[in-house]
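Take a moment with the sequence and the fold below. Then read on for a short walk through the model.

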Amino acid sequence: MPTANLTAKLIDSLKTPNKRTEYFDADMPGLCLRITETGHKSWGLYYRFAGRQQRLSLGNYVAVSLKDARKKAKDALHDVEHGINPLTAKIEDRSAETFKALAGRYRDEYAVKKRSHKEMARIIDRLLIPHFGAMRAKEITRKDVKDLVGEIATRAPIMANRTLDLLRRIYKWGIEEDVVAASPCYPIRKPGEEHTRDRILTEDEIKKVWAALDQAAGGKKAQRKLRLLTAGSLK
């Protein structure tokens with residue numbers, strides 16, 4: 001892995017690699033900047049504890065500056081010198097983190113940089129957090145996920161697929177951030193059969209349809225709005 005004298009200017013200039021790459025800081029032993037093939041940048045610290053190599057996640061580059069990452073790394077290495085494993089301490093500290101906290105961090109730290117962030121935020125805020133919010137992220141089971149996805153599929157199979165995909169992404173990110181150790185989303189199949197013509201309305205399109213429903217005659221406005229919120233059919 002490449003080693004460089006990391007600076008904010010250099011980090012901002014780094015291109016998205018074809019595969020996950022880690023750039024090690026020449027000034028702080030073990031500190032590295034990980035860049036994934038999707039362009040996500042995050043800090044990590046490699047160190048040895050009890051004869052084994054460990055990797056501690058130090059946060060997203062957007063939220064944690066180079067200066068702060070070096071300080072976090074220095075503090076963690078100080079703990080190692082005094083017989084404290086910072087990775088174990090971090091996992092124990094995060095063990096009570098709720099799904100609401102995990103999903104909120106994913107939405108605000110990672111998904112916000114994606115083109116589909118508005119749609120992901122809508123699913124998180126309207127479907128996932130109301131259902132799983134108060135539960136500990138690490139205690140959600142595969143059955144819990146299947147039950148939610150199956151319930152959504154009864155009225156909106158394609159939205160059920162989108163919800164499952166997003167849950168997988170949230171837990172994958174949570175594993176990388178040392179919040180959870182495993183994902184409850186595998187192996188769960190998508191419940192909806194998709195075709196090329198199937199797609200989810202954008203937020204702007206939803207607003208237009210919503211406004212049109214407000215102006216429409218008839219007594220099924222509320223029912224159609226509910227279906228719209230869950231990406232169901234408007235028929």
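What share of the 235 residues in the protein chain is buried? Buried residues make up 43% of them. Keep in mind that this is a predicted model.

Start with the overall layout. The protein chain has nine helices and five strands. Read from the N terminus, its elements run β-α-β-β-β-β-α-α-α-α-α-α-α-α. Now consider contacts between residues at least 6 apart in sequence. Of these, 53% join residues at least 24 apart. The surface comes next. The chain exposes about 13700 Å², and carbon and sulfur atoms supply 52% of that area.

Go to the strands. Ala50 sits in the loop between strand 4 (41–49) and strand 5 (52–60). Its phi is positive, about 55 degrees, although Ala50 is not a glycine. Most residues other than glycine have a negative phi, and most peptide bonds are trans. Is Ala50 buried or exposed? Ala50 has a relative accessible area of 71%, so it counts as exposed.

Move on to the helices. Two packed helices are described by the angle between their axes and the distance between the axes. Take helix 4 (99–110) and helix 5 (117–132). The two pack at an angle of about 175 degrees, with axes 10 Å apart. Helix 4 and helix 5 are therefore roughly antiparallel, since an angle over 145 degrees counts as such. Helix 4 brings Phe99, Lys100, Ala103, Tyr106 and Arg107 to the contact. Helix 5 answers with Met120, Ala121, Ile124, Asp125, Leu128, Ile129 and Phe132. By class, the residues of this contact divide into nine nonpolar, no polar and three charged.

Helix 5 also meets helix 7 (157–176). How are these two helices oriented? Their packing angle is about 85 degrees, and their axes lie 10 Å apart. That makes helix 5 roughly perpendicular to helix 7, because angles of 65 to 115 degrees fall in that class. On the helix 5 side, the residues in contact are Glu119, Met120, Arg122, Ile123, Ile124, Leu127, Leu128 and Phe132. On the helix 7 side, they are Met159, Arg162, Thr163, Leu166, Leu167, Arg169 and Ile170. The residues of the contact divide into 10 nonpolar, one polar and four charged. Phe132 is named in the contact with helix 4 and in the contact with helix 7.

Thr98 lies in the loop between helix 3 (86–94) and helix 4. Thr98 and Phe132 are 34 residues apart in sequence, yet their C-alpha atoms are 8.4 Å apart in space. Which residues does Thr98 touch, leaving aside those up to four places away in sequence? They are Gly133, Ala134, Met135, Arg136 and Ala137. Thr98 counts as partly exposed, because its relative accessibility is 25%.

A cis peptide bond joins Tyr186 to Pro187, with omega at about -10 degrees.

Finish with the cysteines. A disulfide is a covalent bond between the sulfur atoms of two cysteines. How many disulfides does the model hold? With a cut-off of 2.5 Å between the sulfur atoms, the count is zero. Cys32 is buried, at a relative accessible area of 0%. Cys185 is buried too, with a value of 0%.

Notes
Residues numbered from 1 in each chain as written. Predicted model: local features only at pLDDT ≥ 70, side-chain atom pairs only at ≥ 80, totals over all residues. Heavy atoms only, no water. Helix = DSSP H or I, 4+ residues; strand = E, 2+ residues; numbered from the N terminus. Buried < 20%, exposed > 50% of the residue type's maximum accessible area, 1.4 Å probe, protein only. Contact = heavy atoms within 4.5 Å. Areas by Shrake-Rupley, 256 points an atom, 1.4 Å probe, with all protein chains shown as cover. Axes fitted to C-alpha atoms, helices over the stretch in contact; angles between N-to-C directions. Parallel < 35°, antiparallel > 145°, perpendicular 65-115°, else oblique. Nonpolar A, V, L, I, M, F, W, Y, C, P; charged D, E, K, R; others polar.
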